[in-house]
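This report looks at charged residues and how they pair. Please keep the sequence and the model in view while reading.

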Amino acid sequence: MRLLVAVALLGAIGTPGGAATVLEHVDVAASKPTAVHVRLSAPVHPVARVLPARDDAPPRIYVDFPGAALDGTPTTVEGAGNLLRVRTGQFDRTTARVVLDLARLAPFSVREEGTTVTIELAAVAPPPPAAGASPAAEASPPPAAAPAPPPPAPLAQARPIIVVDAGHGGRDPGAAGIGGVVEKDVVLELARVLSARLSERLPVTVIMTRTDDSFVPIEERLAASAEGAALFLSLHANACQDPATGGLELFYGGGPLRPASTHATSRTAALLARCLDKALRGRVARVRGEPRPAGFGVLIRNPAPSALIEIGYLTHQRDAARAQDARYREALADALVDGVAAFLRASAPRL
């Protein structure tokens, strides 16, 4: 039987923005694995993403419920084990959000059962003992043998982690183009669409290196890959003095590097680039040249197979217009999802 350690009840009278569904109840079960149950007034397809630890904020899983709303103020619920707390909030007028603050990032699975959504956290190993631990404690006889805990949820372990990196941000605007359009804005909008499409279409966990107009140092962008990412996608836009220069470009790197040079890259990264290139040419066209390795920091220093996509030249009339067009961003995101899906199939271990 699961022990409920905390409960949050939310009223169901009136919803902001006219949302038809109400987030009614959240509870945390101190079980193995730890589970968070979210109950709604009607079925909702959730979208889950991950954010690594940053500054004073712990690693987080956040789950959005489109078309749902809270009634009243946001609520904080006490956690259990590796789960520090659960917070509810209204992300926008028609999207309720549940945030899981973690002591350490852990694999997880999301399961839908009617009007209940369950988020299960896989068990994580405890941190090693601090240096200088008491000798007396080390010499203590071991406790009586206990049954081994159940293994982590298989679905959680099977979900590849994909890092979506919106280039630049904050004090670093990146390239500037026609009409005052700047790189940091257009790639963030694309990153949001791409992250949502990846979560909706593929059984993956998505980490965004930034979700707002903030500057994230390269070390923190790369830290997201250290969580065991299957691949890393960095989104950028270009500029050129020649206004006739345009088109999308694709670079790759990362993964287990060969020792030949800093531009050496793994076969897996080259495979990722080929899969993305084929998908982009099939849906978007106007791709300049062939995918090629490059010395960008987010590529050569990345432990995960990585691709850097220059979505176009903001100094080119058509590219600048496309970069700001919502329908084009959706088409571009769909192409990238197709490429990621092809890569995951091609790189999966053979049975």
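The sections below cover the basis of the model, its salt bridges and one arginine.

## Basis of the model

This is a predicted model, in which local features need pLDDT of at least 70 and side-chain atom pairs count only at pLDDT 80 or more, while totals for chains, interfaces and linings use all residues. Residues are numbered from 1 along each chain as its sequence is written, and side-chain values use heavy atoms, with hydrogens and water left out.

Side chains of opposite charge can pair when their charged atoms come close. The structure contains 20 salt bridges, a salt bridge being a side-chain nitrogen of Lys or Arg within 4 Å of a carboxyl oxygen of Asp or Glu. One of them joins D334 to R197, with 2.6 Å between the closest N and O atoms. Because D334 sits in helix α8 (residues 326-347) and R197 in helix α3 (residues 183-201), this pair ties together parts that are 137 residues apart in sequence. Helices are DSSP runs of H or I with at least four residues, strands are runs of E with at least two, and both are numbered from the N terminus.

D334 also forms a salt bridge with R201, where the closest N and O atoms are 3.7 Å apart. Here too distant parts of the chain are linked, R201 being in helix α3 and D334 in helix α8, 133 residues apart. D334 is buried at 16% relative accessible area, whereas R201 is partly exposed at 40%. Buried means under 20% relative accessible area, exposed means over 50%, and partly exposed lies in between (1.4 Å probe, protein chains only). A network of salt bridges links R197, R201, R283, E330, D334 and D338.

## The pair R288 and E249

R288 and E249 form a salt bridge, their closest N and O atoms lying 3.5 Å apart. R288 is in the loop between α5 (267-283) and β16 (292-293) and E249 is in strand β15 (residues 249-253), so the pair ties together parts 39 residues apart in sequence. R288 is partly exposed, with 34% relative accessibility, and E249 is buried, with 7%.

R49 belongs to strand β4 (residues 47-51). Is R49 buried or exposed? Its relative accessibility is 9%, so R49 counts as buried.

Apart from neighbours within four places in sequence, R49 is in contact with R60, I61, Y62, D64, R192, S195, A196, S199, V206 and M208. Contact means heavy atoms within 4.5 Å.
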